Amino acid sequence: VEGYAKILRQEYEKAIDDNGMQFLRSILDACSHMKNLIEDLLQLSRVGRLADVKKEVNIPWVVTEVVEELRFIIQERKARITIAENIPNVVSVETYIKVVFRNLLSNAIKFCDKPVPEIEVGVLGGEHPVFFVKDNGIGIESEYFDKIFMIFQRLHKRYEGTGAGLTITKKIVEAHGGRIWVESTPGVGSTFYFTIPL
């Protein structure tokens with residue numbers, strides 16, 4: 001479908017009026033959304049099988065790598081990200097832990113209505129460290145705290161996404177023996193907490 005839509009746009013652009021071009025753009029947007037959805041579903045299905053070898057992972061390095069990957073959107077939104085210095089290493093699957101931080105950080109940037117997104121990555125001490133990603137975004141009503149971790153649940157339709165990111169994040173954390181939850185105040189921001197046993 002995407003291929004034929006692109007051919008129509010390229011080869012017949014002059015023959016199609018503005019309404020027709022808008023329909024083509026809608027088709028291409030829907031195709032792109034479906035591709036992202038399929039990729040998210042594939043990723044979700046793979047997480048259930050943590051066959052990858054776990055090893056000690058340097059979390060500050062992982063977060064720094066994710067920030068570098070998101071550099072374009074961070075610069076575009078003028079986001080400020082603070083990374084705590086006392087974040088411990090954990091025994092985990094590095095690729096998956098990277099996905100957790102990428103999803104949480106990209107959401108923190110995306111769901112922010114402030115001129116400058118302020119994001120903090122840190123850890124709370126104790127017997128088992130609790131990692132957190134805190135933002136000053138749009139926030140979430142308490143009645144949706146559980147719903148946001150369910151597959152395809154999108155609370156804000158005007159923001160792009162498939163509604164699978166937090167589901168994947170939750171599945172990864174739980175596959176490592178941890179748990180994830182959120183505390184939030186609408187209009188003020190959200191803090192996502194998660195544990196990964198050391």
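Student: Which residues does Ser 184 touch, not counting residues up to four places away in sequence?

Tutor: This is a predicted model, in which local features need pLDDT of at least 70 and side-chain atom pairs count only at pLDDT 80 or more, while totals for chains, interfaces and linings use all residues. Residues are numbered from 1 along each chain as its sequence is written, and side-chain values use heavy atoms, with hydrogens and water left out. With contact taken as heavy atoms within 4.5 Å, Ser 184 touches Gly 139, Ile 140, Phe 145, Gly 189 and Ser 190.

Student: Is Ser 184 buried or exposed?

Tutor: Ser 184 lies in strand β6, residues 180–185, where a strand is a DSSP run of E with at least two residues and a helix one of H or I with at least four, numbered from the N terminus. Buried means under 20% relative accessible area, exposed over 50% and partly exposed in between, with a 1.4 Å probe and protein chains only. Because its relative accessible area is 16%, Ser 184 is buried.

Student: Which backbone nitrogen does the side chain of Ser 184 reach?

Tutor: The side chains of Ser 184 and Ser 190 are joined by a polar contact of 2.7 Å, a pair of N or O atoms within 3.5 Å of which, within protein, one must be able to donate a hydrogen and the other to accept it, residues adjacent in sequence counting only if both atoms are side-chain atoms. At 2.7 Å, the side chain of Ser 184 also reaches the backbone nitrogen of Ile 140.

Student: How many residues of α5 are buried?

Tutor: Helix α5 spans residues 94–110 and has 17 residues. The helix is mostly covered, and the number of its residues that are buried is 13.

Note on methods:
The expected span of a helix is 1.5 Å times one less than its number of residues.
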